[in-house]
Amino acid sequence: MIDLGHTPLPVPDAPVPHQVLARAGEGPWPRYRIVGLVHLGEGHLLAAFDGRETGQDVPDPTGLLQRRSLDGGRTWGPFESLRDADREGRHWFCDPSYIHDRLTGAVHVFYSYAKDRGVWDAVAGTDDTDRDVLGSVVGTSDDQGRSWTHRSVTAIAAPPELVRTAFPTSGAGIQLRRGEHAGRLLQPYCGWFWADGRPGEQQVVRSYVLFSDDHGRTWQRGDPVGRDMDETTIAELSDGRVLLNSRDHARGGHRRVAVSTDGGLSWTDHGVDEQFLDPGNNAQLARQFPEVPPEDPRAQVLLLTNTWDAFARRRGTVSVSGDDGCTWAESLVSEPGPLDYSVVQALDDGAIGIIWEVEAREIRFARLEADTLVP
């Protein structure tokens with residue numbers, strides 16, 4: 001499906017100019033990991049991340065923080081609580097992913113809710129009081145993320161007859177702009193599905209979305225797709241189709257791709273894309289010019305941030321497609337050294353914002369102007 005058709009760019013000696021939003025040993029938590037980013041318009045950004053006691057995944061102590069920018073990412077305000085950990089009761093929250101509803105102004109954030117187990121050993125179930133179940137929560141804010149109401153979507157995301165456990169992919173979901181499903185909100189998920197269609201020993205990791213057609217009041221689950229399709233990122237194409245680009249759970253050194261023509265309800269699996277190098281890491285798809293009409297050539301411009309290495313989490317790269325993801329070219333190396341998850345989002349005037357994490361040591365953010373990117 002995708003032909004990169006280029007040789008990799010030289011690796012710079014240092015990352016692109018950036019700001020540090022969180023640093024290990026400073027602020028309310030000893031460590032920080034897992035990033036989310038959303039642009040609310042007019043330069044208003046929210047950046048979310050895990051605060052962690054040890055740097056390890058739940059059930060180690062974890063809570064959710066955010067920071068806010070009112071000038072397009074040029075400056076940032078102080079730490080804000082997104083969802084506090086309950087240390088006494090041992091309730092932990094992690095893996096934030098924002099969705100902005102541009103029609104209502106509401107902001108939603110999906111995340112995981114853990115007690116005594118993480119994704120690797122959580123048991124099937126929808127009872128959020130069960131300490132062995134890994135739950136899912138969506139928070140909603142009507143005041144640009146300054147206050148939140150939270151409710152469980154565990155039963156929708158992970159019905160035990162189909163899935164042992166599941167969690168939302170951190171980063172950013174989307175709202176569709178084209179076609180009959182315009183206005184639909186989509187949040188990517190990955191789940192450990194029963195391989196034989198019923199509870200048993202064998203499981204397969206598959207991707208899917210939760211979607212809402214009523215501005216987040218209710219959520220539905222789309223069909224799963226693929227095998228070994230892990231944390232998943234999605235983007236709407238210029239004709240209204242949805243492109244899915246997934247981490248390879250088998251860590252075969254590449255990424256996996258699928259396409260939906262019905263707004264994320266079902267998918268056509270395109271399998272492994274051997275042109276994308278990736279060590280098995282979360283990434284992010286985004287449109288660079290989401291506001292332009294479909295007939296504008298810029299409507300077909302997509303961005304992907306990932307670690308462009310088949311074996312190690314290093315060499316953070318921004319790739320650009322000018323034809324709805326059919327072909328891609330490497331645009332720049334944003335981080336030459338080690339990094340984990342990254343998120344890219346469109347800002348104003350063709351600029352982009354990138355947030356990424358460096359080994360639980362730092363959360364970094366860079367604003368890149370449109371002329372910085374090589375088409």
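A cavity is a set of grid points where a 1.4 Å probe fits but cannot get out. In this predicted model, the count comes to 2 cavities of 30 Å³ or more. Rolling a probe the size of a water molecule over the atoms shows where empty space is left.

The largest cavity has a volume of about 40 Å³. Its lining is made up of Thr305, Asn306, Gly316, Thr317, Ser334, Glu335, Leu339, Ser342, Ile354 and Trp356. By class, these lining residues are 3 nonpolar, 6 polar and 1 charged. Several strands take part: E21, strand E22 (314-321), strand E23 (329-338) and strand E25 (352-358) each give at least two residues to the lining of the largest cavity.

The second largest cavity has a volume of about 30 Å³. Around this space stand Ser97, Thr169, Ser170, Ala172, Gln187, Pro188, Thr232, Thr233, Asn282, Ala283 and Gln284. The lining of the second largest cavity divides into 3 nonpolar and 8 polar residues, with no charged ones. Strand E13 (185-194) and strand E16 (229-236) each contribute at least two of the lining residues here.

Ser97 counts as buried because its relative accessible area is 0%, and the cut-off for buried is under 20%. A polar atom of the Ser97 side chain lies 3.5 Å from the backbone nitrogen of Gly173. Leaving out residues up to four places away in sequence, Ser97 touches His108, Val109, Phe110, Thr169, Ser170, Gly171, Ala172, Gly173 and Gln187.

Another residue to look at is Gln288. Where in the chain does Gln288 lie? It is in the loop between strand E20 (284-287) and strand E21 (302-307). Strand E21 is also one of the strands that supply residues to the lining of the largest cavity. Is Gln288 buried or exposed? With 7% relative accessibility, Gln288 is buried.

The side chain of Gln288 has a polar atom 2.9 Å from the backbone oxygen of Gly350. Gly350 is also among the residues that Gln288 touches, when residues up to four places away in sequence are not counted.

Note on methods:
Residues numbered from 1 in each chain as written. Predicted model: local features only at pLDDT ≥ 70, side-chain atom pairs only at ≥ 80, totals over all residues. Heavy atoms only, no water. Helix = DSSP H or I, 4+ residues; strand = E, 2+ residues; numbered from the N terminus. Buried < 20%, exposed > 50% of the residue type's maximum accessible area, 1.4 Å probe, protein only. Polar contact = N/O pair within 3.5 Å; in protein donor to acceptor, adjacent residues only side chain to side chain. Contact = heavy atoms within 4.5 Å. 1 Å grid on protein atoms, 1.4 Å probe; cavity = no way out; pocket = protein on both sides within 12 Å on 5 of 7 lines; lining within 4 Å. Points joined across faces, edges and corners; volume = space filled by probe spheres on them. Nonpolar A, V, L, I, M, F, W, Y, C, P; charged D, E, K, R; others polar.
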